[in-house]
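Here is a short briefing on charged side-chain pairs. Look over the sequence and the model before reading on.

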Amino acid sequence: MPRKVNPDTCIGCGACVDQCAFGAITLEDVSVIDPSLCQDCGACEPVCPVGAISEE
């Protein structure tokens, strides 16, 4: 299952965007994960300073 971003927690810092090797995360007002590109590697989760990314 792809990771999800909690839009209420995300601060839009972009750390996860830089970490994603698959280009699955874009930054709008908050980070958005494209489930069709996400490989569920989990690399984005530990770099989030506010814990806004989790498994579905």
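Arginine 3 counts as buried, because its relative accessibility is 12% and the cut-off for buried is under 20%. This is a predicted model. Its salt bridges come to three. They share partners and join Arg3, Asp40, Glu45 and Glu55 into one network.

**Pairs with the loop between E3 and E4**

- Arginine 3 forms a salt bridge with aspartate 40, with the closest N and O atoms 2.8 Å apart.
- Arginine 3 sits in strand E1 (residues 3-5), and aspartate 40 sits in the loop between strand E3 (31-33) and strand E4 (53-55), so this pair ties together parts 37 residues apart in sequence.
- Arginine 3 also bridges to glutamate 45, where the closest N and O atoms are 2.3 Å apart.
- Glutamate 45 lies in the loop between E3 and E4, so its pairing with arginine 3 in strand E1 links parts 42 residues apart in sequence.

**Pair between two strands**

- Glutamate 55 forms a salt bridge with arginine 3, and the closest N and O atoms are 3.9 Å apart.
- Glutamate 55 belongs to strand E4 and arginine 3 to strand E1, so the pair ties together parts 52 residues apart in sequence.

- Aspartate 40 is partly exposed, at a relative accessible area of 26%.
- Glutamate 45 is partly exposed, with 29% relative accessibility.
- Glutamate 55 is exposed, because its relative accessible area is 53% and exposed means over 50%.

Technical notes. Residues numbered from 1 in each chain as written. Predicted model: local features only at pLDDT ≥ 70, side-chain atom pairs only at ≥ 80, totals over all residues. Heavy atoms only, no water. Salt bridge = Lys/Arg side-chain N within 4 Å of Asp/Glu carboxyl O. Helix = DSSP H or I, 4+ residues; strand = E, 2+ residues; numbered from the N terminus. Buried < 20%, exposed > 50% of the residue type's maximum accessible area, 1.4 Å probe, protein only.
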